[in-house]
Amino acid sequence: MPTFVHMTRCDGCGHCVDICPSDIMHIDKTYRRAYNIEPSMCWECYSCVKACPQNAIDVRGYADFAPLGHSVRVQRDEQKGTIAWKVKFRNGTEKNFLSPITTKPWGTAIPKLADVPGPSQEMRDSQLLYSEPKYIRIDDGGLHTLKSNGLKMTKGVVY
Amino acid sequence: MFATNPFAAMTAMLPANAMQIYVVLAVLAVVAGVVYDMAHKGSAKYFFANWRKTKAKASQPVGGGEMVSIAIKTGVVDVLASGEFCNMRRRIAHLLTMYGFLLYVGTTALMIFGYPTAATPTPAIVAQLWWLGGLMVCAGGYWFWFFIRVDVAAEGGSPWRLMRADLFVLSLVISVTLGLLWATLQARSSAVATAFFGLYIIATTVLFGSVAWSKFAHMFFKPAAAFEKRVSKANGTAENLPTQTRDDPEQQKRHSMELLRDAPMDMGLGIKREAPRHY
């Protein structure tokens, strides 16, 4: 089932609204608390659940992948760089997970786009996306194909 | 102006008893509004059902002494210091409004009941605290109203667009603003002072009469929710949230923690590095 918000926990900070990839978390106009405006469009990505500083958002997983009566809750501790999950089944069985979210201080691995020179007119007219040539090495001898690399497609299973 | 009791000066026009009865009616309106709000939303029912559920699932019982300690922590951190807010601007604005309101309401009651007429001279400090409280409410309230509230700060909405969520804040700041304006005009013997007193009474009646529909009752249910949250952490249920953390030596031995073995315990802020203003 989609996300839902515990109204007594929410303080209307807007982190869930900011992060929702479906843009369905909004601030209620009457109570100024977050709520899911279109539950059928929620794909349960847990982005808002993890982003909520008050742990006010919860999700009930669909019965086809999670048994009814279960609870899956997450605690994202950015300062410690970890994410913890607790899965609790209706028979009382608990499973706890703790994993790193980042091994470097936050923000150090993000390119500072403001420092990168803007694209030239030629780059703007190109059909390539930003920084695309760098990754497919089109600027380094053209597109890499089987032919350009002297390879041949072989039919069948090759060991 | 700042050292005189504006209510005592009104007794020439309005008997002191009438003002005292009005204050009693305002208190009764708050009580009735909160009770109606709790019954209508079922918040008390939900709170106690949740309380029983949490207690039944507790893995470590919380004793009386610990319960008192949790109540004190809730009172000091969550209530007196508005610890719930993660946005510092909101927290400061809330503290200004909250303490301003308490000061303003307390000194209003003191001036009306303790020093109702000119025959019972009001100590200057009481009137000065009334002014200070009113100005604090205005500072926190207008700051929140025009700059901090989420639909203006984050969604770019107009501060002039009104909705039901604004009923409490707006009636509070308007009531206090009109009260201060009335006191100023009265001190200057202005002809329109009485008209402003009428407007002040209307705004104050809206503030205390709309408790059932406004968020006035949050000052009662928010501390209860904060207390319940702390108790659930202490008794091990933690609302089913994970309780394992990296600073626990046992958890540091986990295979999944290998990558963070040499990492500092404070890795800095993640998404909280920026205010949520991208929507």
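Which residues have the most contacts inside the largest nonpolar core? They are V137(B), L172(B) and V176(B), in a core of 29 residues. A nonpolar core is a set of buried Ala, Val, Leu, Ile, Met, Phe, Trp, Tyr and Cys residues joined through C-beta atoms within 7 Å. A residue is buried if 20 or more other C-beta atoms lie within 10 Å of its own, exposed if 12 or fewer, and partly exposed in between, with C-beta atoms placed from the backbone.

The structure is a predicted model: local features need pLDDT of at least 70, side-chain atom pairs count only at pLDDT 80 or more, and totals for chains, interfaces and linings use all residues. Residues are numbered from 1 along each chain as its sequence is written, while chains are lettered from A and ligands numbered from 1 in the order in which they are written.

Chain A contains four helices and seven strands. Helices (H or I, at least four residues) and strands (E, at least two) are DSSP runs, numbered from the N terminus. Their order from the N terminus is β-α-β-β-α-β-β-β-β-α-α. Chain A has 159 residues, of which 23% count as buried.

Chain B has 11 helices and zero strands. Its C-alpha atoms fill a box of roughly 80 × 40 × 35 Å along the principal axes. Of the residues of chain B, 25% count as buried.

In chain B, α1 (6-9), α5 (88-113), α6 (124-148), α8 (167-187) and α9 (193-209) each supply at least two of its residues. The largest share, seven residues, comes from α8(B). Beyond its neighbours within four places in sequence, V137(B) is in contact (C-beta atoms, placed from the backbone, within 7 Å) with residues including F101(B), Y104(B), L172(B) and V176(B). A second, separate core of 22 residues includes V17(A), C52(A), A84(A) and A153(B).

The contact between the chains takes 40 residues from chain A and 38 residues from chain B. On the chain B side, α7 (150-153) and α10 (218-234) each supply at least two residues. That side has 20 nonpolar, nine polar and nine charged residues. Ala, Val, Leu, Ile, Met, Phe, Trp, Tyr, Cys and Pro count as nonpolar, Asp, Glu, Lys and Arg as charged, and the others, Gly among them, as polar.

Terms used
Two residues are in contact if their C-beta atoms, placed from the backbone, lie within 7 Å.
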